[in-house]
Amino acid sequence: MRIILVGSDKLTYFLGRRFTSKGDYLTIITPEEEAAVDLSRRLKATVIAGDGSDPTVLQEAGAYQADVLLALTDRDQDNLIACQIAQDRYGVPQTVAIVNDPDNKAIFEELGVSVAFSATEIIGSMIEQQTASEEIRNLVPVAGSGVTMTEVVLGPNSPAIGRAIKDLDLQGAVVACVVRRGRVLIAKRRSYLHEADRLLVISEDDQYGQAQKVLTGEGA
Amino acid sequence: MVSNLIGGNSSASKYIVVIGCGRLGSLLAGRLSAEGNSVVVIDQKESAFENLSSEFSGFQIVGDASEMATLKKAKLDKADCLLVVTREDNVNLMVAQIGRIFFETPVVLARVFDPAREAIYREFDIDTISPTQLSADSFMQKLNTHQVSTSAPTEGVA
């Protein structure tokens, strides 16, 4: 694949390294002369010092032959214009832009950029997924009341699996609801718990450890 | 030229958003305001508003026009006309497109210094004015008349 990368920071370097190691033919456009020299020493790529939204620079970078252009600068307007010119003037089939303002993601795609992505959004959702995969997530410490709402996921080793809520040794803590396969169930005393259930637990702060132990088999 | 596009002096007052309050932006904002239009001018730097003449009686907003939130604050959806004249071509081109497509502003004009970029965006249905192109044209014109007059025989010169 012939790839043009417009950018200046570490993201440009590491992505560039990845593309070239896969055997892609890479051209980088970066604004600073010094950074261009540095990149050309470190990567097996053609490096051009210039403005990636300038039509003549894009042409010099071989835009007519390129399969994809990635615009990764920290200025949204420059990324948009680089993608549009590459697409409309030079017929680059696939353009990708990073957006710094998350509002711009939808705007850029409407304005013709093939894919716009917001680093803010990606990192945000990654962090959310990361915490969701843990067994326990502290949701809300209810301010000043000494009560905490917690989400607990029943892992395969949870001692609560196959037992009814009424049989659990929960003191100062209640299971408010159970989320099973995406559906919210009101927790009843006779409800039996399954593996992978997500429980919303409301507990007094000093009973939190005990509730955690009963539900996950770990902790105090 | 601009006043013709938006209906001239004689028509009712228009709501006009001017982005960029440099030399050109402040001049346009002042004139349009003096003509009785309701004008909002946006610039990233508060100090830029010092460029405005005493004729200007509109509103000023400090903000980055490439952020959707700033354009909403300026009520661009209500505007009759959008003039984008920051000193950055790419900001002007981006904001002009957002004005045209998302706010459906009837008249959008953008300044673009780079004649190559201007040519591309003219195809996008964005009305652009390139000062570089305009100056080159005027220079050529003056030069031609100058050459005509100097090549003609003049009296009193040896």
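In this predicted model, the side chains of D77(B) and K78(B) form a salt bridge, with nitrogen and oxygen 3.6 Å apart. D77(B) is partly exposed, its relative accessible area being 46%. K78(B), at 54% relative accessibility, counts as exposed, because the limit for that class is over 50%. Over all chains, the count of salt bridges comes to 11.

Between chain A and chain B, the count is 2 salt bridges. In one of them, the side chain of D51(A) meets that of R117(B) at an N to O distance of 3.3 Å. This pair crosses between chains: D51(A) belongs to the loop between strand 3 (46-49) and helix 3 (55-60) of chain A, and R117(B) belongs to helix 5 (residues 115-122) of chain B. D51(A) is partly exposed, with 33% relative accessibility. R117(B) has a relative accessibility of 6% and therefore counts as buried, since buried means under 20%. D51(A) and R117(B) also take part in one network with D114(B), joined by salt bridges that share partners.

Another salt bridge links R75(A) to E88(B), and here the closest N and O atoms are 2.3 Å apart. R75(A) is found in the loop between strand 4 (68-71) and helix 4 of chain A, while E88(B) is found in the loop between strand 4 (81-84) and helix 4 (89-101) of chain B, so this pair too joins two chains. R75(A) is partly exposed at 31% relative accessibility. E88(B) is likewise partly exposed, at 26%.

The interface as a whole brings 21 residues of chain A into contact with 18 residues of chain B. The size of an interface is often given as the accessible area lost when the parts come together. For chain A and chain B, the buried area is about 1,600 Å², and carbon and sulfur atoms give 63% of this area. Across the interface, 8 residue pairs are in polar contact, with both residues at pLDDT 80 or more. On the side of chain A that touches chain B, the elements giving two or more residues are helix 4 (76-88) and helix 5 (104-110) of chain A. Of these, helix 4 of chain A gives the most, with 8 residues. Sorted by class, this side of chain A holds 10 charged, 7 nonpolar and 4 polar residues.

Q84(A) is located in helix 4 of chain A. Its relative accessible area is 1%, so Q84(A) is buried. The side chain of Q84(A) makes a polar contact of 2.7 Å with the side chain of Q97(B). A polar atom of the Q84(A) side chain also lies 3.1 Å from the backbone oxygen of L111(A). Leaving out residues up to four places away in sequence, Q84(A) touches R89(A) and L111(A) in chain A, and Q97(B), Y121(B) and F124(B) in chain B.

In soluble globular proteins, nonpolar side chains tend to be buried together. The largest nonpolar core of this model has 53 residues, and those touching the most other members are L69(A), F108(A), V17(B) and I19(B). With residues up to four places away in sequence not counted, L69(A) touches I4(A), V6(A), L58(A), A82(A), C83(A), A86(A), V92(A), Q94(A), T95(A) and V96(A). Another core, of 17 residues, lies apart from the largest one, and L28(B), F49(B), L52(B) and L109(B) are among its members.

Chain A contains 7 helices and 11 strands. Of the 220 residues in chain A, 43% are buried. When contacts in chain A between residues at least 6 apart in sequence are considered, 52% join residues at least 24 apart. In helix 7 (residues 208-216) of chain A, the buried residues are G209(A), A211(A), V214(A), L215(A) and T216(A). Helix 7 of chain A is followed by G217(A), which has a positive phi, near 85°.

How values were computed:
Residues are numbered from 1 along each chain as its sequence is written. Chains are lettered from A and ligands numbered from 1 in the order in which they are written. This is a predicted model: local features need pLDDT of at least 70, side-chain atom pairs count only at pLDDT 80 or more; totals for chains, interfaces and linings use all residues. Side-chain values use heavy atoms; hydrogens and water are left out. Contact means heavy atoms within 4.5 Å. Buried area is the accessible area (1.4 Å probe) that two parts lose on being put together, summed over both. A salt bridge is a side-chain nitrogen of Lys or Arg within 4 Å of a carboxyl oxygen of Asp or Glu. A polar contact is a pair of N or O atoms within 3.5 Å; within protein, one must be able to donate a hydrogen and the other to accept it, and residues adjacent in sequence count only if both atoms are side-chain atoms. Helices (H or I, at least four residues) and strands (E, at least two) are DSSP runs, numbered from the N terminus. Ala, Val, Leu, Ile, Met, Phe, Trp, Tyr, Cys and Pro count as nonpolar, Asp, Glu, Lys and Arg as charged, and the others, Gly among them, as polar. A nonpolar core is a set of buried Ala, Val, Leu, Ile, Met, Phe, Trp, Tyr and Cys residues joined through side-chain atoms within 4.5 Å. Buried means under 20% relative accessible area, exposed over 50%, partly exposed in between (1.4 Å probe, protein chains only).
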